[in-house]
Amino acid sequence: YGERVFVDMDGEAFTAEASGIKEINQALQRLWLLYHTAPTLMVGSPATINAITNKITANNNVSMMLVGNQGGNLQQQNKFIGGIMVGGYTNQYAQHAGMSTLIDIIAHPYLPDGILLLLSETLPPDTYRFAQDSRCFALDVLRPYNYFPLASTDRNINFDIWFLETLKCYYPTAQAAIAGFRTDQ
């Protein structure tokens with residue numbers, strides 16, 4: 001499959017730099033140089049996303065207060081809203097035509113702390129123009145959803161649902177991971 005992009009931080013915290021976080025920028029640069037692709041999604045635990053938010057806001061002196069008079073949302077008008085959330089990250093290497101420079105960030109409750117996945121959901125259209133499919137992932141349904149009503153023994157409606165699916169990754173080298181970092185700083 002080629003060289004993988006995996007960063008083991010061995011218990012260290014993220015390193016802030018002027019353009020973001022050093023370890024994330026290095027992974028993005030390696031994905032671009034090796035495979036000419038850019039992630040479209042970053043997935044981490046809530047503590048991981050909090051560590052990214054804290055590092056970016058501490059580095060850039062971002063104000064953490066919003067005055068709620070913007071937009072048409074009546075519930076937020078005339079209120080002060082505190083706190084900040086990083087919902088995306090800018091990929092400074094994905095300036096190629098057809099590639100998004102904004103990477104969405106989501107917190108997933110089942111990922112352990114200290115792991116950040118950088119996922120490429122699609123391939124760049126002009127770089128991999130001979131590919132049969134531009135998706136990096138596909139959900140293969142081996143057995144579709146089947147609904148089986150069961151015998152009732154009380155007032156509840158008992159049922160069972162059976163299914164069998166698998167997630168296929170067509171291009172694993174377009175994926176990256178950063179693991180083993182501290183989330184308490």
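**Aromatic pairs and their setting**

A: Of the contacts (heavy atoms within 4.5 Å) in the chain with a separation of 6 or more, 69% are between residues 24 or more positions apart. The model is a predicted one, in which local features need pLDDT of at least 70 and side-chain atom pairs count only at pLDDT 80 or more, while totals for chains, interfaces and linings use all residues. Residues are numbered from 1 along each chain as its sequence is written, and side-chain values use heavy atoms, with hydrogens and water left out.

The chain contains 2 helices and 12 strands; these are DSSP runs numbered from the N terminus, helices being H or I of at least four residues and strands E of at least two. Their order from the N terminus is β-β-β-α-β-α-β-β-β-β-β-β-β-β. Of the 185 residues, 30% are buried, where buried means under 20% relative accessible area, exposed over 50% and partly exposed in between, with a 1.4 Å probe and protein chains only.

The structure has 2 aromatic pairs. Rings of Phe, Tyr and Trp (its six-membered ring) pair if their centres lie within 6.5 Å; planes under 30 degrees apart count as stacked, over 60 as edge-to-face and the rest as tilted. Phe-14 and Phe-181 form a tilted pair, because their ring centres are 4.3 Å apart and their planes meet at 35 degrees. Phe-14 sits in the loop between β1 (5-8) and β2 (16-17), and Phe-181 in the segment after β12 (176-179), so this pair ties together parts that are 167 residues apart in sequence. Phe-14 counts as buried at 5% relative accessibility, and Phe-181 counts as buried at 5%.

Tyr-35 and Tyr-171 form an edge-to-face pair, since their ring centres are 6.5 Å apart and their planes stand at 85 degrees. This pair also links distant parts of the chain: Tyr-35 belongs to helix α1 (residues 22-35) and Tyr-171 to the loop between β11 (159-169) and β12, 136 residues apart. Tyr-35 is buried at 9% relative accessibility, and Tyr-171 is buried at 18%.

Strand β4 (residues 41-44) and strand β8 (residues 102-107) run parallel and are joined by 4 bridges; Val-43 has Ile-106 of β8 as its bridge partner.

Elsewhere, Pro-144 is found in strand β10 (residues 137-149) and is partly exposed, with a relative accessible area of 48%. Not counting residues up to four places away in sequence, Pro-144 touches Trp-162 and Phe-163. The C-alpha atoms of Pro-144 and Phe-163 are separated by 5.4 Å, although the residues are 19 apart along the chain.

Methods
Pairing = 2+ DSSP bridges.
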